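Thanks for coming. I have one model to go through today, and I will keep it short.

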Amino acid sequence: MNFIKRRIINSIIVFLAVLNLDFFLPRLAPGNAAEILAAGSKVPATAILLLEQRFGLNKPLYVQYALYLKGIFSWPPDFGISYGYYPDTVTHLFEVRVGWSMLLLLSSLALGIALAYVAAASSTLRRGGKLEALAMDVSVLINSTPIFWSAMGLLWIFAITLNIFPLYGNVDLGATGIGYVESILVHAVLPVVTLAVSIFGESYLLLRGSTQEALKSDYVLAAESRGLYNRMIATRYVLRNSLLPLVSVMSFSLASLVSRLILVEAVFGYPGIGDLIIDAVKLHDYPVIEGSLFFLTVFVIVGGLIGDYVLVRMDPRLKS
Amino acid sequence: MEKARATRKLEDRHSIAVKKADRLRGFGWFYSRFLSNKSAKVGWFLILCVLLMVLVGPYFVQYAPDAIAGEANSPPTLAHPFGTDYLGHDILSQVIYGAYPSLIVGLAAALGATTFGFVVGVLGGYYNKLEWVLSASTDAILSIPALPLLILIGIIFVVTDQLIVGGLMLVLWAPAARAVRSQVASVKKLPYVDAAKTSGMSDWRIIWRVIVPKVGSIAMAYFVLLVSVSVVLATALEFIGVGNPEVVSWGSILYFAQQYGFYLGDWWWVLAPGLAITVVATGFALIGFSFEEMMNPRLRT
């Protein structure tokens with residue numbers, strides 16, 4: 001089967017999986033949402049009935065399922081009403097916050113991969129050097145450090161002790177004009193650096209793995225024997241071929257990147273989707289968690305498909 | 001290209017060492033197989049340190065993890081080398097006693113995920129008909145962000161250790177299955193598998209006698225790597241409040257620290273538990289990498 005066709009079918013399967021998971025998983029729990037909301041407090045039975053009516057929980061399961069599908073496939077998609085921010089809808093909460101999450105994610109992705117590329121280039125140029133060994137050890141260490149702990153470390157050094165960067169939030173209240181932009185940038189520095197360092201760790205290990213492989217290949221041997229400059233071999237032959245595996249693996253690690261983004265936003269109190277999810281844990285805000293699982297999975301699917309498209313454009317061999 | 005030649009020479013020496021290792025027995029065999037590599041040495045050292053802390057530590061600390069041991073919010077002193085928390089609990093003691101729950105969850109989840117992933121990977125790699133179904137479900141798990149899924153499970157059900165282990169298994173089996181599957185697919189092409197088929201061995205016998213011994217080592221490497229991942233993931237869940245705050249574990253210490261003292265500047269509260277997680281995760285990751293390096297047939301020949 002064709003590579004792209006196969007990836008599209010897989011994406012549809014993932015989409016259907018999360019669609020059904022989101023509906024059936026909460027209904028596996030003992031008691032429905034209205035009873036859970038009312039648990040522990042002295043709520044009269046009529047109020048519970050009213051709540052059940054409000055959420056449509058008194059209808060048969062297949063009607064609920066149909067209503068659920070209708071909500072998701074309308075525009076804008078309807079994930080229901082948040083318990084924690086009642087009467088705000090989950091969709092509206094996402095609209096307000098998604099831009100901030102994207103700002104963190106995309107800028108840290110760009111920074112992290114750029115750093116890894118530079119490090120991989122210099123360690124390919126000086127094979128077996130001290131820098132290579134150091135970058136290797138540092139990457140292994142980065143990959144094993146819990147990101148919320150390194151985030152706390154950076155926060156403690158740069159925000160609490162040195163007071164260079166703000167402690168939490170995304171922008172200062174009342175900042176306008178150029179000050180507004182500056183305030184956004186200053187608030188984003190620590191979260192972006194934390195995420196970028198972690199992206200650097202994993203993509204450097206990946207890049208190095210594939211440069212090692214490329215260095216053993218016949219085309220590098222041929223280039224060496226033609227007497228090409230080391231620099232030219234490194235950039236034109238080794239690194240260019242090593243970028244392909246990076247793209248294909250990065251589209252897979254997008255899911256783990258989303259998990260890390262949630263943790264980073266939690267530590268820095270950065271008002272994106274992740275921070276919303278953390279609040280929802282404390283408030284047992286089902287609709288927000290369900291909605292964000294759905295939204296984030298769709299984001300990962302779309303990101304993966306874009307990655308695949310780039311991959312096919314870069315490597316025509318995949319077309320057949 | 002002096003250096004390229006030098007690295008090639010090194011690789012030759014490495015493969016000679018491995019061949020030698022096949023002839024050795026007893027500790028010599030163990031040493032050259034599992035410890036002859038720098039990252040393996042460091043990894044085993046870190047894990048032994050942690051094991052020592054778990055086993056011997058409780059006899060050395062003077063305070064129980066839930067005892068009011070001294071002044072609240074005290075920075076490190078001689079009596080409390082890692083300070084105290086907002087209620088006056090000794091943090092060193094909490095880290096030592098909290099190791100057991102954190103490690104046992106990670107080990108159990110990694111063991112379950114590797115076993116399941118191994119079975120799925122072997123079947124998916126061997127039977128062409130199953131390959132597509134299993135690879136699609138593997139891809140599905142890999143594309144759903146683990147943390148939101150585990151949070152959803154965590155707020156729906158009553159959080160117990162079994163639930164956390166089950167949830168971690170659900171999200172972690174997929175990478176192991178993928179690695180095993182690709183390995184099985186390449187082993188299946190070897191001529192002696194054809195030979196076994198022509199000689200009339202049944203599929204199950206071929207899987208047991210020919211495929212499993214060949215890919216068992218990669219499952220072992222994956223198990224060790226997954227321990228590292230699952231300890232960190234379990235701690236992350238506890239850190240954001242999906243866990244049992246009554247049980248002292250590394251994650252719950254960090255959870256309380258973030259709630260009650262860290263943003264006021266109590267750095268000592270997060271230093272020791274975070275360091276402990278990092279040491280465990282780094283140790284297992286290094287051992288896992290060294291396993292992979294030593295057992296990967298491509299690197300060996």
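This is a predicted model: local features need pLDDT of at least 70, side-chain atom pairs count only at pLDDT 80 or more; totals for chains, interfaces and linings use all residues.

The scores for the model are ipTM 0.89 and pTM 0.87. Chain A averages a pLDDT of 85, and 95% of its residues score at least 70. Within chain A, the lowest element mean is 64, for helix α2 (residues 33-38) of chain A, and the highest is 91, for helix α7 (residues 147-161) of chain A. For chain B the mean pLDDT is 82, with 86% of residues at 70 or more. Confidence in chain B is lowest in helix α12 (residues 297-300) of chain B, with a mean of 46, and highest in α6(B), at 90.

Now the build of chain B. The chain has 12 helices and zero strands. Of its 301 residues, 47% count as buried. If you take the contacts in chain B between residues at least 6 apart in sequence, 71% of them join residues at least 24 apart.

On to the core. The largest nonpolar core has 158 residues. Which residues have the most contacts inside it? They are A:Phe148, B:Val95, B:Leu168, B:Ala176, B:Val180 and B:Leu226. Helix α9(B) gives the largest share of this core, 19 residues. Take B:Val95 as a case. Leaving out residues up to four places away in sequence, B:Val95 touches B:Phe82, B:Trp250, B:Ile253, B:Ala272, B:Pro273 and B:Ala276.

Next, the interface. Here 41 residues of chain B are in contact with 46 residues of chain A. On the chain B side, the elements that give two or more residues are α1 (2-23), α5 (128-143), α6 (146-156), α9 (203-239) and α11 (268-295) of chain B. By type, that side divides into 30 nonpolar, nine polar and two charged residues. Note that α6(B), the element of chain B with the highest confidence, is among those that give two or more residues here.

Now chain A, starting with one helix pair. Helix α10 (residues 230-268) of chain A packs against helix α11 (residues 273-283) of chain A at an angle of about 75°, and their axes are 7 Å apart. Angles of 65 to 115 degrees count as roughly perpendicular, so α10(A) is roughly perpendicular to α11(A). From α10(A), the contact uses A:Leu261, A:Ile262, A:Glu265 and A:Ala266; from α11(A), it uses A:Gly274, A:Asp275, A:Ile277 and A:Ile278. Those residues divide into five nonpolar, one polar and two charged.

The peptide bond from A:Trp75 to A:Pro76 is cis, with omega near -5°. A:Pro76 sits in the loop between α4 (61-72) and α5 (90-125) of chain A.

A:Asn163 is not a glycine, yet has a positive phi of about 60°. This residue lies in the loop between α7 and α8 (177-215) of chain A. Is A:Asn163 buried or exposed? With 9 other C-beta atoms within 10 Å, A:Asn163 is exposed.

A:His284 also has a positive phi, of about 50°, although it is not a glycine. A:His284 is in the loop between α11 and α12 (286-314) of chain A. This residue has 16 C-beta neighbours inside 10 Å and therefore counts as partly exposed.

That is the end of the walk-through.

Conventions:
Residues are numbered from 1 along each chain as its sequence is written. Chains are lettered from A and ligands numbered from 1 in the order in which they are written. Two residues are in contact if their C-beta atoms, placed from the backbone, lie within 7 Å. Helices (H or I, at least four residues) and strands (E, at least two) are DSSP runs, numbered from the N terminus. Ala, Val, Leu, Ile, Met, Phe, Trp, Tyr, Cys and Pro count as nonpolar, Asp, Glu, Lys and Arg as charged, and the others, Gly among them, as polar. Axes are lines fitted to C-alpha atoms, for helices over the stretch in contact, and angles run from 0 to 180 degrees between N-to-C directions. Angles under 35 degrees count as roughly parallel, over 145 as roughly antiparallel, 65 to 115 as roughly perpendicular and the rest as oblique. A residue is buried if 20 or more other C-beta atoms lie within 10 Å of its own, exposed if 12 or fewer, and partly exposed in between; C-beta atoms are placed from the backbone. pLDDT is the predictor's confidence in each residue, from 0 to 100. A nonpolar core is a set of buried Ala, Val, Leu, Ile, Met, Phe, Trp, Tyr and Cys residues joined through C-beta atoms within 7 Å.
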